[in-house]
Amino acid sequence: MPRCRVVMVTLPSPWLISDRDMPNLGALYIASYLRENGVDVKVADLCGVPQEHWQIPDGDVYGISLTTPQFHLAQEIAAKLRRRQPNCLVVSGGYHPTALPNEMLEKTETNIAVVGDGEKTMLRIAQGFHPYDGGSKEVLHGERIEDVDELPFPARDLIDIYSYQQMGTNAVVGTGYLEEYLITSRGCPFRCGYCAQMSMSKFRVRNRSLGNIRAEMEELLRQYKPDRFYMFDDIFVVDRKRTYEFDRVMREMRLEWNFDWHCLSRTDIVCKAGPELLVDMAASGCKQITYGVEHASDVILKRNHKDATCEQNRTAIQWTVDAGIRVRAQMIVGLPGETRETVEETADFIRNSPADSWGVHIFVPLPGSPIWDNPAAFGFAFRRDETYKYYQTIGKPGEWAAHNLHVNAEEIREWAEYLRDVAGKRNVHQFDVRNKSKPKEEYPPRFGAVPSE
């Protein structure tokens, strides 16, 4: 009996400024796990590829990894595969199928929707493969990986990883660097009302060991020679003790290798840890921390279950700058409770804060988040977009569309543009050299139509 051929498909990322900003490490983890267990696996990386040039190798099982803004693309890919190979097996996984597995089966040509971790489940599917006969579809709950050290490192060699090393908006940290993304833990323990990660993590964090992290970094340094690492955990700084231990490992490694790093964290965590932690991180090579500040109104923060205060936001940003670490602050426009007055609070906060750059993003109600599950409890109403084409939280300049999800769409768009103007030269888009290389008129016009209710 011939071996089952698996093709993992990574989709373009319409919510990002560039499809080549972030490799899909989740799909690459699955690919490496399958390969380690003797499965013939390839990756069809469609990021940054015009649709007329999409090429997907022949396989028996296709795994499509997606988030909500990629849903319409997954629909197209699954339909193309079904027409091409009626008996192939199409499996979907990632945040959107985890949050809405039945919808994934009903509205796409997907045969199986995997909820949660995908590595062991995809191996089980590949090992038990039989041609699809048009029968029933099913939801599979992925076998949870408790010890994430048991996983092989992502199969970066199956894609053009070098094309992801170039600086995009992370050029704010410094230009002329080659960057690699790294995941050192899975999950987040917090309960923010606008976040969908809890549908995947169930509020638990699974840490990799420092030895395992170091081994991957050293392999990447030898093979791909990056100058910088982005610790792309949901929240990197969660445990103060672990962060100090990580800093020690970084200092040891930097005696041999020339690199620096940056990460994501929360201001309330940093305030509890104290400024000394930031000084230690700076000494270990940390060049930037991205904080999910989200808003400058304590009323809005509390209403949306963000367990941080504006005072903590101000304090953490100042401590970080004082330690010599750059700050990227992420803000959300249009959270439940937003008014013209609360937008002005955010504008004042941006004007008076020493943060080095600002990302200003329009709120989208992500499936799996508390606001999506129960919008009335948050006093929120929105326009349903069943294709999810409008779920662009970041997006390319001139293509922002997420305001169309709001019942006051034009007002939301106006507020977002106002805050981006307030950020001015500190708007994170300004640091992406790709935007400076194209005249503004080359960008497609903004989505004009508002979807029907």
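Here is a short chat about a predicted model, covering its sheet, one of its helices and one serine.

Local features need pLDDT of at least 70 and side-chain atom pairs count only at pLDDT 80 or more, while totals for chains, interfaces and linings use all residues. Residues are numbered from 1 along each chain as its sequence is written, and side-chain values use heavy atoms, with hydrogens and water left out.

Visitor: In what order do the six strands of the open sheet run?
Guide: Strands are DSSP runs of E with at least two residues, helices are runs of H or I with at least four, and both are numbered from the N terminus. Two strands pair if DSSP finds at least two bridges between them. Here the pairing is parallel, and the order is 7-10-11-12-13-14.

Visitor: Which strands sit at the edges?
Guide: An edge strand pairs on one side only. That's the case for strand 7 (179–182) and strand 14 (357–362).

Visitor: Which residue of strand 13 is the bridge partner of Thr290?
Guide: Strand 12 (residues 286–294) and strand 13 (residues 326–333) run parallel, joined by five bridges. For Thr290, the partner in strand 13 is Arg328.

Visitor: What angle does helix 12 make with strand 12?
Guide: Axes are lines fitted to C-alpha atoms, for helices over the stretch in contact, and angles run from 0 to 180 degrees between N-to-C directions. Contact means heavy atoms within 4.5 Å. Helix 12 (residues 310–322) packs on the sheet and touches strand 12 and strand 13. Its direction makes an angle with that of strand 12 of about 170°.

Visitor: Which residue's backbone oxygen does the side chain of Ser369 reach?
Guide: Ser369 lies in the loop between strand 14 and helix 14 (370–373), and is buried at a relative accessible area of 0%. Leaving aside neighbours within four places in sequence, its contacts are Gly193, Tyr194, Cys195 and Ala196. At 2.6 Å, its side chain reaches the backbone oxygen of Leu366.

Key:
Buried < 20%, exposed > 50% of the residue type's maximum accessible area, 1.4 Å probe, protein only. Polar contact = N/O pair within 3.5 Å; in protein donor to acceptor, adjacent residues only side chain to side chain.
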